[in-house]
Amino acid sequence: MRVPRWLDWPPVWLAGFMAAGWALGAVWAPLGVLLWPGRLVIAAGVALAAWAAIEFRRARTTIVPRETPSALVDSGPYRLSRNPIYVADLLILAGWVLTTGQPLGLVLLWPFARVLERRFIRPEEAMLDTHLGAPYRAYLARVRRWL
């Protein structure tokens, strides 16, 4: 699917999947609205994304997908996952689906993860390998892509 470059950003994809989750909840919400559990999951996602962003700032490198990195970030949440911001996006989507009361909406997590992997993670990994070389390959060997 050809997506205009100005629209091809992880937060835009997240918003689209959130809209799909909301639509499912608007049609049928068998559990009622699960505001507090959903809000807690969203808060966890936002906190994880913020922690990851702080680590980028400390390393003085870009957080923007498709921009050339100047340093390898392997501290903070990056010790546990190579993609904590994308894990945070998945948490935010899961929390959003819970707030709509639509457990069926959780099936959106898998296609969203695939979109993130294909459109962002794989190209980012190739760029990091090209620009950071052996230290990045060592990081790949010790830290999992997701969790």
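Predicted model: local features only at pLDDT ≥ 70, side-chain atom pairs only at ≥ 80, totals over all residues.
## Basis

Local features need pLDDT of at least 70 and side-chain atom pairs 80 or more, while totals for chains, interfaces and linings use all residues. Residues are numbered from 1 along each chain as its sequence is written, and side-chain values use heavy atoms, without hydrogens and water.

## Helices H3 and H4

Helix H3 spans residues 84–100, and helix H4 spans residues 109–132. Helices are DSSP runs (H or I, at least four residues), numbered from the N terminus. The two pack at an angle of about 160°, with axes 11 Å apart. H3 is therefore roughly antiparallel to H4 (an angle over 145 degrees). Axes are lines fitted to C-alpha atoms over the stretch in contact, and angles run from 0 to 180 degrees between N-to-C directions.

From H3, Tyr-86, Asp-89, Leu-90, Leu-93 and Ala-94 take part in the contact (heavy atoms within 4.5 Å). Their partners in H4 include Leu-109, Phe-112, Leu-116 and Glu-124. By class, this contact has 10 nonpolar, no polar and 2 charged residues (Asp, Glu, Lys and Arg count as charged).

## Nonpolar cores

The largest nonpolar core has 20 residues. Such a core joins buried Ala, Val, Leu, Ile, Met, Phe, Trp, Tyr and Cys residues through side-chain atoms within 4.5 Å; buried means under 20% relative accessible area, with a 1.4 Å probe and protein chains only. Phe-17, Leu-93, Phe-112 and Trp-146 have the most contacts inside this core. H1 (10–27), H3 and H4 each supply at least two of its residues. H3 gives the most, with 7.

Definitions and conventions. Parallel < 35°, antiparallel > 145°, perpendicular 65-115°, else oblique. Buried < 20%, exposed > 50% of the residue type's maximum accessible area, 1.4 Å probe, protein only.
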